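Let's take a friendly walk through one part of this structure together. Have the sequence and the 3D view ready as you read.

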Amino acid sequence: MKIANEYSDSIDIQKNTEYAVKGITKICKKIGPRKPGSPEELRAQQWMEKDMKNYCDKTEIESFTLHRQGFMGFIPFTVACGVASVFVNWFVSPVAALVLCVLAFIPLLFEFLMYKEFDDFLFPKQTSHNMIATKSPKGETKKRLIMIGHSDSQFEWTLNYLIGGLRAKLFVEVPAVVGLVVQTIYALVCIIAGKGVLSAMNIQSARWFFILFFVVSCVFIPFELAFLFFQSWTKSVPGASDNLSGCYTGMGTIKALSEAGIEFENTELVMICSGSEEAGLRGAKAYVKKHEQELKDLPTAVVALDTFRDLEDMAVYDRDLSGTVRHDWGVKHLVQNAARNCGFELPFSSIYIGGCDAAAFTQKGIKATGFAAMNPDPPRYYHTRLDTPENLRPECISAGIEIMCEVACMYDKEGLPEQTK
């Protein structure tokens with residue numbers, strides 16, 4: 001049985017789904033793409049704030065600085081090091097080639113996989129923003145539920161648009177990374193041989209082995225060069241599903257609860273429309289850094305809402321940030337239990353490449369999880385010009401709003417479920 005029905009039987013999910021679709025369409029048509037740290041990103045947040053003023057007691061927009069190209073800006077450097085290592089290994093020194101391979105991997109690991117601000121300082125600085133809307137309880141605030149969705153949109157992933165997400169992954173991205181691994185092993189083998197490739201080739205028994213290794217390393221070079229076209233450096237995308245759908249799922253939840261006359265006694269509801277998530281969770285990280293103490297002073301649960309498009313792939317995130325972060329047991333089971341009350345059996349899933357805003361909270365010890373509905377292949381609309389309002393699936397946004405209304409009511413009434421052995 002839905003806990004939300006105990007609070008009110010007049011929660012209008014359909015009305016607020018229509019509100020969400022209308023809001024998403026308006027932003028995409030009137031404002032357009034919203035690259036991280038852009039005036040368009042801020043303008044969209046100002047429109048969202050105007051809406052939330054009708055249903056929340058307090059709204060504000062906080063600024064922070066970032067270097068948006070740092071997140072993907074390592075790609076030309078990594079490609080250049082990988083390709084150069086093959087020829088440096090052959091003509092110069094396998095030690096120098098190994099150094100190049102290691103240098104290629106470092107920003108790939110720290111920036112793209114772990115979302116560290118590793119090379120950000122090398123790129124121009126921008127100002128981005130977080131929009132925060134707070135609905136206070138009737139009585140004393142004893143716990144807090146935060147919903148967060150990002151309002152920026154990604155620079156277009158060119159390969160995903162041209163050949164499709166799964167094909168881009170299988171035929172370009174994976175071979176490019178495998179090539180770098182092969183080239184690293186190639187350099188190590190040559191070092192172990194002791195004298196470099198040219199000297200080692202004088203050993204008759206090893207000659208064809210080293211020639212073959214060199215040829216195999218060269219085979220991967222076109223894939224690495226193709227990786228240079230992984231994304232556009234200037235053109236961002238509409239971002240209707242990713243992630244205006246997440247923003248409006250949270251906003252629609254607050255609006256639906258307010259219109260149904262539901263006011264919690266001791267639970268504070270917060271909606272954050274974060275900036276620059278696509279630049280490495282920078283908005284969520286800035287928010288946590290600024291508010292860490294207050295987040296820890298009061299029991300807080302965070303649900304990151306990220307892309308509500310593919311209903312058949314709706315899931316709760318168990319692991320995040322390229323599999324390096326495990327989310328809180330209680331929050332992820334709260335969302336799963338709420339979904340079950342609404343008639344949805346949601347699996348736990350993981351983000352093995354990339355991350356969502358929930359990771360920024362979990363890393364700081366704040367209880368959080370991610371909740372999304374997106375084909376992990378990824379689909380061709382993901383981070384491309386095809387992510388338009390026409391491509392929305394309202395029924396998925398509707399499910400997200402219904403489930404999040406239930407999450408809020410369950411959290412207010414029962415708190416987080418206790419972990420069972």
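Strand 6 and strand 7 form a hairpin, with 4 residues between them. In the turn, Leu 321 has a positive phi of about 55°. Strands here are DSSP runs (E, at least two residues), numbered from the N terminus. This is a predicted model, in which local features need pLDDT of at least 70 and side-chain atom pairs count only at pLDDT 80 or more, while totals for chains, interfaces and linings use all residues. Residues are numbered from 1 along each chain as its sequence is written, and side-chain values use heavy atoms, with hydrogens and water left out.

Now follow the pairing, for which DSSP must find at least two bridges between two strands. Strand 8 (residues 348–350) runs parallel to strand 6, with 3 bridges joining the two. Strand 9 (residues 368–373) pairs with strand 6 in the antiparallel sense over 4 bridges, and Phe 371 in strand 9 is the bridge partner of Val 316.

How enclosed is strand 6? Of the 7 residues in strand 6 (residues 314–320), 6 are buried, so the strand is largely enclosed by the rest of the structure. Buried means under 20% relative accessible area, exposed over 50%, and partly exposed in between (1.4 Å probe, protein chains only).

Finally, look at the cysteines. The structure holds 0 disulfides, a disulfide being a pair of cysteine sulfur atoms within 2.5 Å. For Cys 356, the closest cysteine sulfur is 13 Å away, in Cys 247, too far for a bond. Cys 356 counts as buried because its relative accessibility is 1%.
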